[in-house]
Amino acid sequence: MAIKAIALDIDGTLTNDEKIITPRTKRALLDAQDDGVKLILSSGRPVQGLRAIASELGLEAHGGLLVSFNGAHVVDAGTDEVLYDQPIEVDVMRSLVEHVRSFDVIPWITQGARLYVERGSRHVITYRGEPFDIVEYERRMCDLELHEVDDLLEVCGTPQDKLLCASEPEYLQQHWRAMYGPFTDELSGMFTADFYFEFMAPGIDKGRALAGALPKLGIDASEVIAFGDGQNDVSMLRWAGTGVAMGNAVDEAKAAADMVTASNNEDGIALALAEFLG
């Protein structure tokens with residue numbers, strides 16, 4: 001079966017550890033688009049956080065897709081047409097915000113180009129033994145405007161796609177079950193980094209988003225090759241006709257994939273595409 005689409009996780013997959021796309025990988029993806037293959041950026045980031053990479057790879061001109069919030073929202077990169085959307089219900093989001101306040105985490109909501117945090121909340125966690133401004137990191141990585149509100153519930157009057165909670169990795173490992181436990185029937189929850197635990201609508205994952213969006217474009221799962229490295233990529237790797245885990249991927253992602261390529265620092269994507277696309 002010919003490959004019609006390539007789905008790509010961003011951090012740890014498409015970008016190397018310096019958060020850039022290496023020249024060899026970029027060339028391979030541009031060549032694939034020139035041959036008529038659609039590129040799909042699939043990430044926990046908001047749409048705004050995918051714009052710069054989409055522009056770098058020319059997705060707008062080639063009809064590429066942006067899968068954001070771990071699969072809660074899918075848009076056409078060129079037209080902004082919404083192809084799939086499943087936000088968290090307002091009452092559930094409000095209950096969730098109230099619940100996570102009992103934990104030592106930094107919750108925030110991203111809406112459009114705005115990142116909302118509560119005024120007076122801490123912005124710094126300890127990461128790898130050093131102070132790390134996690135709010136500024138997210139704002140910068142996703143090209144967002146920081147907005148402080150007195151109460152995060154002010155933003156919860158309309159459906160939102162995700163609540164992100166940040167904290168020290170050790171703390172999240174110890175407390176994520178207690179955070180997620182009361183909402184397991186109402187929400188999806190997952191780690192997207194060791195310092196991020198995120199909540200989305202029930203059943204949300206990258207594989208489900210692709211399954212909901214791509215048939216509208218006449219693309220079947222068997223015609224998709226997907227690349228990923230994290231827990232939130234497992235569903236996408238399983239759904240795609242060809243799932244490729246990066247050499248740096250977590251064990252769960254490697255187990256879900258059809259093959260394992262080189263790491264994100266070693267042009268793993270380019271090497272795999274050379275094998276599948278020639």
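Predicted model: local features only at pLDDT ≥ 70, side-chain atom pairs only at ≥ 80, totals over all residues.
Me: Where should I start with the largest nonpolar core, and which of its residues touch the most other members?

Reply: Start with the residues that have the most partners within the core. Here the largest nonpolar core has 56 residues, and those touching the most other members are Ile 40, Val 74, Val 105, Leu 152, Leu 163 and Phe 199. Helix H4, residues 90-100, gives the most to this core, with 5 residues. Apart from this core lies another, of 29 residues, which includes Leu 8, Leu 29, Leu 66 and Ile 225.

Me: What is Val 105 in contact with, once its neighbours within four places in sequence are left aside?

Reply: With those neighbours left aside, Val 105 is in contact with Val 100, Cys 165, Ala 166, Ser 167, Tyr 171, Leu 172 and Met 179.

Me: How is a pair of aromatic rings described?

Reply: A pair of aromatic rings is described by the distance of the centres and the angle of the planes. A search of the whole structure finds 13 aromatic pairs. In one of them, Tyr 180 and Phe 199 are edge-to-face, with 6.1 Å centre to centre and 65 degrees between the planes. This pair links distant parts of the chain, since Tyr 180 is in helix H6 (residues 169-180) and Phe 199 is in strand S13 (residues 196-200), 19 residues apart. Tyr 180 and Phe 199 are both buried.

Me: Why is the pair of Phe 195 and Tyr 196 edge-to-face?

Reply: The ring centres of Phe 195 and Tyr 196 are 4.8 Å apart and their planes stand at 85 degrees, so the pair is edge-to-face; planes over 60 degrees apart count as such.

Me: How should I read helix H6, and which of its residues are buried?

Reply: Take its span before its faces. H6 has 12 residues and reaches 16 Å from its first C-alpha to its last, close to the 16 Å expected at 1.5 Å a residue. The buried residues in H6 are Pro 169, Tyr 171, Leu 172, Met 179 and Tyr 180. Seen down the axis of H6, these buried residues fall within an arc of 110 degrees, so they line one face of the helix.

Me: What lies on the face turned away from the buried side of H6, and what covers its buried residues?

Reply: The face turned away carries the exposed residues Glu 170, Gln 174 and Arg 177. The cover over the buried residues of H6 includes H4, strand S8 (124-127), strand S11 (163-166), strand S12 (188-193) and S13.

Key:
Residues numbered from 1 in each chain as written. Heavy atoms only, no water. Core = buried A, V, L, I, M, F, W, Y, C linked by side-chain atoms within 4.5 Å. Buried < 20%, exposed > 50% of the residue type's maximum accessible area, 1.4 Å probe, protein only. Helix = DSSP H or I, 4+ residues; strand = E, 2+ residues; numbered from the N terminus. Contact = heavy atoms within 4.5 Å. Phe/Tyr/Trp six-rings, centres within 6.5 Å; stacked < 30°, edge-to-face > 60°. Expected span 1.5 Å × (residues − 1). Arc of directions from axis to C-beta.
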